[in-house]
Amino acid sequence: MDVLRGESRNAYTENLSTSETGYDRVRLFQLILLCTIVGAGIVSLILLLLMGIGLIVPITVIGLWANALGAMICSGICYAIVRQGAIELAVRIYGVVLALLTFSVMFFYGGVLSPLIFITTLPVTVVGLLSSRRTVWIVGSIVVGGYLLLGILQSLYPTQIPIQPLSSGAEWVSLGVVAISVGIIGLATSSVQASLQAALQESQARAEKIFTDTERLLEKSMQQIELGSELSAAAAELQATSQQQASGSTEQASAVSQVTTTVEELGTTARQIAQSADHVAQAAQQTLEYLSDGQQAVDESIQAMERIRVRMQDISVRVLGLGERSQQIGEIIDLIDDISDETHLLALNAAIEAAGAGEHGRRFSVVAAEVKNLANRTLQAAKEVKDVIAEIRQATNAAVLAAEEGGKEVEKGSELTYRAGQVMDTILMMAERTAQSGAEIGMATAQQQSASEQVVEAMREIAEVARQTAAGARQMADSAAMLSAIADRLHGVAQG
Amino acid sequence: MISATEPPILANHMLRIRLGAQTFLAHHTHVAQVLPIARLRDMHDERGQPMQQIRLAELLQHTPAPAHHALLIATRRRTVALLVTAVDLWDLPSDISPVVQPLPPVLRHALTHAWITGILIADGQPLQLLNLRQIAQDALKQAAQGEREQRGQPINRSDEPVSRN
Amino acid sequence: MCEQAEAYLLFRVADEHYALPSASVHEIVRWRAAVPVPGAPPILPGILVQRGVVYTVVDTRLLFGFATTAPERATRYVLFHEDEHRLALLVDAVLDLIALDLTHSEAIPATLPVARARLLRGVVHHTDLLVALIEPPELLAALYAEM
């Protein structure tokens, strides 16, 4: 809209300036030039036609034809110069060249006073019509001068110049009259043209003033229109925005209330978490206390196990010693066995001997029997001792085995206890960490609680602000609607 | 069966023969020659045949024993080499009775060969006196019989060379 | 000792108890290795010299029809004589010198094997033992019969 307006305005001002610098003259001159070209063309055709039917002499035809052709060329050159914007120069060239051509034709066909003489007024008239007074003077001077010069040259050198010479004084007078009349015509046309131009310029100036005023007004009204439409659009936008803001504020208010509820819930949860964390911390503390007792017990147990292990080793060694001792006893018993065996044998042989000795050996046989009995008893006792020793050996072997196994069990027990101690250490560490974590959680949740309370407070404020904003936005929307209506009206006025 | 009423033999100049762990006695008159066993390899008997060798331990005890010495016994037909662990000449200590006791009757009754002629007690241990000639003869007979049995010849022919001699 | 009672040597072979009249017994000695006699049967495993006298060892286990066993700690030789024979009875154990009243002797049980029954004179109860009575002549006769 703006652009269009701008363009139209530019075109308008261009037209205005062109009219000021002689727009119409240019158009007129261009028209004359075209007419000249066309006229010269038509003349050329007519001359060709006439020459064809033999009405005119070919020599004359060639002169005319060259004249027409020269007019055409001159017009073309001037047209080109006019296109360049130098209208004064073109008019001068046109006037001079056309005058010369006219002279040449005049001198060829009618002499100085031929009817064609009036053709010489044509370029001067044109120049007078078209150009300033100075140009008229220049062109007029050249034309008149040229005319007179040709007349003089003809009379002086009639043979060299193939034109009809001035033969009489009348002719010279007429020549002078013509020259003077040409000058007068030129001046007259020039003055006419000047007055005409002055009037034209005045009216043009007036029109221009009106034009300028109208344009200013138009511009202002266009600006008004533009402003009105802009205002209208802005008002509409403002209205829409206000409405949006109002609805947004409402949404914001509801969202804030939701957030507030959530944060309140969060606060409640945080309180619960804080309580749980407190419980956990307490439990961990209790665990720590119990564990320290348990660790002490484990340490004592390990020490006791070690003592038992040492005792068991001692017992094992002692039992082994007992076994060895009983082995030694066994060897002694074997010896006793052998001796009593031998004694028994001796007693037997003694008894046999005594029996063989009859009455004399009777007393000896009693002794032998006693010895034999003793040996028998010894053997019996040795056998019993051997049995006992065998039992002792069995028992000691069993005891050694048991002691070894007991030792192993004790070692296993020690290891288990040690492991239990390690596990308790680990649990202790975990419990410490748990207690610490519980305390940290408690602290963190307390912070969170206060933070969420602050958040709730802030949210309430936000909600209040949002409510206010919504109310304000609604008001603004109403105002914007009113403004829009006003802008519409304004727009309508500006366009009308 | 040899008669039980052989006169007591005095044990002067006896040969003491060891067969493994056990020691026996023998009359040196029964033995033609005592030599190391290695020298038997090149020796031949009267028939020009390789010397008949008999391991005495296997014959008497039915158990093998190391053999280092050979006793050459001349029988009526041929000379036999009895292989023993060791042989030495035994000079009887003065405190030992040189009287050789006869074999107990139960044993004499039980034995099938008259290889033991008596017992001499030395250091409380009985040493048995071997009749080497008889042993050599019986060994030769057994060997010949064994050979014939191996060849599968009738037994009645085996007696011919013995009766002829 | 009463008039009927006679001294007997009580010994054990395998699990049976035997008694030999002590009058024929010279001595009882521990087992020691006998000197084997080449060509002798297993029942006569060798000879012993005790106090300068040569005794022929008799394996009573084989004589009584038992399987022979390796000697043990209680194994003994019972040295005795019968006529000019000097024998060493190889027994499993010698228990005692006892007095037996032969009037209470019983007949040999019919269940006893012939190998044992032929050299027994009878059986006698001594304390809680059943004791078989051996007579040296019968024993010698049985020994000769064995070969």
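Helices (H or I, at least four residues) and strands (E, at least two) are DSSP runs, numbered from the N terminus. This is a predicted model, where local features need pLDDT of at least 70 and side-chain atom pairs count only at pLDDT 80 or more, while totals for chains, interfaces and linings use all residues. Residues are numbered from 1 along each chain as its sequence is written, and chains are lettered from A and ligands numbered from 1 in the order in which they are written.

**Exercise 1. Describe the make-up of chain A, then that of chain C.**

Step 1: Start with the elements. Chain A has eight helices and zero strands, and its elements from the N terminus on read α-α-α-α-α-α-α-α. Chain C holds three helices and ten strands, in the sequence pattern β-β-β-β-β-α-β-β-β-α-β-β-α.

Step 2: Turn to burial. A residue is buried if 20 or more other C-beta atoms lie within 10 Å of its own, exposed if 12 or fewer, and partly exposed in between, with C-beta atoms placed from the backbone. In chain A, 21% of the 496 residues count as buried; in chain C, 37% of the 147 residues do.

Step 3: Look at contacts along the sequence. Two residues are in contact if their C-beta atoms, placed from the backbone, lie within 7 Å. Among the contacts of chain A with a separation of 6 or more, 81% are between residues 24 or more positions apart. For chain C, 57% of the contacts between residues at least 6 apart join residues at least 24 apart.

**Exercise 2. Work out how the five-stranded sheet of chain C is arranged.**

Step 1: Find the order. Two strands pair if DSSP finds at least two bridges between them. The five strands make an open sheet of mixed pairing, ordered 3-6-7-5-4.

Step 2: Find the edges. Strand 3 (25-30) and strand 4 (46-50) of chain C each pair on one side only.

Step 3: Take one pair. Strand 6 (residues 76-82) and strand 7 (residues 85-91) of chain C are antiparallel, with seven bridges. Here Tyr77(C) has Leu90(C) of strand 7 as its bridge partner.

Step 4: Axes are lines fitted to C-alpha atoms, for helices over the stretch in contact, and angles run from 0 to 180 degrees between N-to-C directions. Helix 3 (residues 136-146) of chain C lies across strand 5 (53-59), strand 6 and strand 7, at about 100 degrees to strand 6.

**Exercise 3. Which residues make up the side of chain B that touches chain C?**

Step 1: Count. Chain B gives 20 residues to the contact and chain C gives 18 residues.

Step 2: Locate them. Helix 1 (56-61), helix 2 (105-110), strand 8 (116-122) and strand 9 (125-130) of chain B each supply at least two residues of this side. Helix 2 of chain B gives the most, five residues.

Step 3: Sort by class. Ala, Val, Leu, Ile, Met, Phe, Trp, Tyr, Cys and Pro count as nonpolar, Asp, Glu, Lys and Arg as charged, and the others, Gly among them, as polar. This side of chain B has twelve nonpolar, eight polar and no charged residues.

**Exercise 4. Describe the contact between chain A and chain C.**

Step 1: Count. Seven residues of chain A touch nine residues of chain C.

Step 2: Sort by class. The chain A side has five nonpolar, two polar and no charged residues.
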